[in-house]
Structure formats: C-alpha cells, structure tokens
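Hi,

Here is the structure I promised to pass on.

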Amino acid sequence: MQLLQQTIQNIQSADNKMMEKARERIDALCKPPSSLGKLETLAVQLSGITGELFPAIDNKAIIVCAADHGVCDEGVTSNPQNVTVFQTLNFPKGGTGVCAVAKITNAKIVTVDVGVKEDIPLDAGVIIKKIKYGTDNMAKGPAMSREEAIQSIEVGIEVATEEMAKGANVLGTGEMGIGNTTPSAAILSVLRACHPIEVTGFGAGVGPGGIDRKIEVIHHAITLNKPNRDDAIDILAKVGGLEIGAMAGVILAAAAQRKPVVIDGFISTIAALIAYELESKVKDYIIPSHASEEPGAKIAAELLGIEPMLHMNMRLGEGSGAALAFPILDAACSMMKNMTTLEEARLLLEK
C-alpha cells in the first residue's frame, strides 16, 4: 500500500505554461490555423506531460500484463483458458499481434505474469510477478482480496518504474487474459451505475449460453459482491482482474514520472478508469489509441472524458492499438521539431 500511496502523491498536473508555449509555437507554424487538427492537440499534450517544447519519445515500451480469471468457470467465453499461458509465452518470441505492430517503431514488449493460471518457466523471457493463479470466481465471491488488488496495482507500478529507469520515455498498456472482458464490463457497470446489458460485448467469443449468459453472470457477481462505487480498489477486488490492476499501476507510475502512457482498447480503458478514480490527475498523461469494437469501450472512453485517435475496427487487445498509435506520437514530435514558423522560414529565405 505504501508504494501505491507514494506514487499517487507524486502525480502532478501537466505543465500548463509549457502547453501555452507549445500552442503559441504551433499557431506560428507555416500552416493555416488548426490545419493539423488532432496532431496539434497531441503535441500540446506531450509538451505539457514532459515539460519540454520539443519532447523526445524515442524509447517506447509496451507492458503486457497477463492473468487468468476464475469467472471462466461460468462459461462466459468460448476460448480455453490455456490460451492465456500460450500467448504469454508467445510475446517474448515476438509472435503475437502487438509484437508485429510494435516492430514498426522498435517498441519493446515487456511481458509480466501477474496471475496466469499455470507456472511460467523462469527462462521464458517473462517477468514473474504472480500474485495468485488467476482470480477467484466472482460469481461465487470476490475475485480477490483487497490486499491482492492493491498488490496487482503495485506490480504495475514496479514494472513500469523499472522500464522508465532503463530509459523508456513513453509507455503503452497491454493485456492477456482469457475472459477479461467479463470483469471489465463488470467494473464499467459499477462505475457507470448501469445494468451490464449496456456495456457487455462478445469479447473474444462468448460461451454456449451466449451474450445473455455473460450478462447474467456479471449482474449476479455485482449483486452478490456489492462493490462500493466510491472505492476503486473495492471494485477491482470484488469484480476485477489482476492484469487490470497491473495496467492501472502502469498508468499511475507513468503519470508520477511525467511520462505519456498510451492505452489500448476496452480493457486498458477500464484500467485507466481505475487509475483515474485513484487520482484524477492521471488523465493529463493518458493518450487513447483506438476505438475498440467492444460496446463498452466507447462508454468507458466517454466516462473518462477521452477520445481515441484511431478507428480501425480492432478488438485484439494485447496493446496492439497502443503500438499502432506510436507513429502518430512520433509525427506530433516531428511537427514541433522540424516544421518552421513563418518567422523562421523568412530568416532562412533571407540567408
């Protein structure tokens, strides 16, 4: 708990003065006003995050948090749970979707076992931070204890802090966990105070009972466990996931060290909501990547007050959307650094 509290205390708002300077420079560039649209907004945000007019984000890392879910016992997904361990082992080998996309910007993929159901070999290239062998079945009781929920957040803080110490200056959030759209929808249902039917989608494939069964399980879990809407850790513990907590920790750690953090789709946005509930200033550091096809993703983004940049009909997860968005951040930085202002252009022409 001490690490979580200390991290939250270190989070400050973005640098408003630097954001004003960035806007002034962008408005003076050789272009019609606002003609580069969201690229301009992103450049201003990056300057505010880093406190630099010409921010450098050349050392990218996507932290993929992996864990299993006891609620899979309720038949909420058509995918076998052993896919979690299979894919967790596949990330270090470079064989997953996020790995393929990340290659275009040389982004590092960091894989963390927060709660995979099986033991991961120590030589597999995966950081072992296992808290337990998957969450408990939230349809029969809390997914985890409050202490385990806090520990999951602190795992994310620890791993993110280690990567930033190695030089990472922009992070991305990713996850792997069969069944994890179920706790994600449950968390969103609680935070939005709505029936799960409004926020529940098919995920990677629903079980034999279809979407109705998935909704029923989520509704039952919320009714049974009674998570406190005003206590993000209580929500995470009762109906959440270990990898969701870890991603929230990654976001908090990035904000504490004034580094941008690019979030992926639905599940990453739910993690961002948990982080936001713990400290609202983290929103200044969050860069949303893509609009997931999951129905709850749009609602979660609206609840957080963010607007994804990309509309690619994607719903893979893993951090694939974050990897795809990295080149847009590069473009925003290049605009600030390499595009001349009208005054600079005149001086160049006079030489």
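**What turned up**

The side chain of Glu318 makes a polar contact of 3.4 Å with the side chain of Gln87. Glu318 sits in the loop between helix 12 (295-304) and helix 13 (320-338). With a relative accessibility of 4%, Glu318 is buried, since the cut-off is under 20%. Leaving aside neighbours within four places in sequence, its contacts include Ile62, Val64, Phe91, Glu175 and Asp264.

Before you go further: this is a predicted model. The mean pLDDT is 97, and 100% of the residues reach 70 or more. By element, helix 14 (residues 342-350) has the lowest mean, at 84, while helix 10 (residues 242-256) has the highest, at 99.

Lys60 belongs to strand 1 (residues 60-67) and is buried, at 5% relative accessible area. Its side chain has a polar contact with that of Asp330, at 3.0 Å. Beyond its neighbours within four places in sequence, Lys60 also touches Thr105, Asn106, Val170 and Phe326, among others.

Now the charged pairs. Lys129 pairs with Glu158, with the closest N and O atoms 3.2 Å apart. That pair links distant parts of the chain, 29 residues apart: Lys129 is in the loop between strand 3 (127-128) and helix 6, and Glu158 is in helix 6. Both are partly exposed, Lys129 at 22% and Glu158 at 31%.

Arg146 and Asp231 form a salt bridge too, at 2.9 Å from N to O. Here the partners are 85 residues apart, with Arg146 in helix 6 and Asp231 in the loop between helix 8 (210-225) and helix 9 (232-239). Arg146 is partly exposed, at 35%.

Helix 6 (residues 146-165) also passes a length check: at 1.5 Å a residue its 20 residues should span 28 Å, and the end C-alpha atoms are 29 Å apart, which agrees. Just after helix 6, Gly167 has a positive phi of about 120°.

Which residue does Asp234 meet in a salt bridge? The partner is Lys238, at 3.3 Å from N to O. Both lie in helix 9, 4 residues apart, about one turn of the helix, and both are buried. Elsewhere on the list, salt bridges that share partners join Glu74, Arg213 and Glu216 into one network.

Cheers

Terms used
Residues numbered from 1 in each chain as written. Predicted model: local features only at pLDDT ≥ 70, side-chain atom pairs only at ≥ 80, totals over all residues. Heavy atoms only, no water. pLDDT = per-residue confidence, 0-100. Helix = DSSP H or I, 4+ residues; strand = E, 2+ residues; numbered from the N terminus. Expected span 1.5 Å × (residues − 1). Buried < 20%, exposed > 50% of the residue type's maximum accessible area, 1.4 Å probe, protein only. Polar contact = N/O pair within 3.5 Å; in protein donor to acceptor, adjacent residues only side chain to side chain. Contact = heavy atoms within 4.5 Å. Salt bridge = Lys/Arg side-chain N within 4 Å of Asp/Glu carboxyl O.
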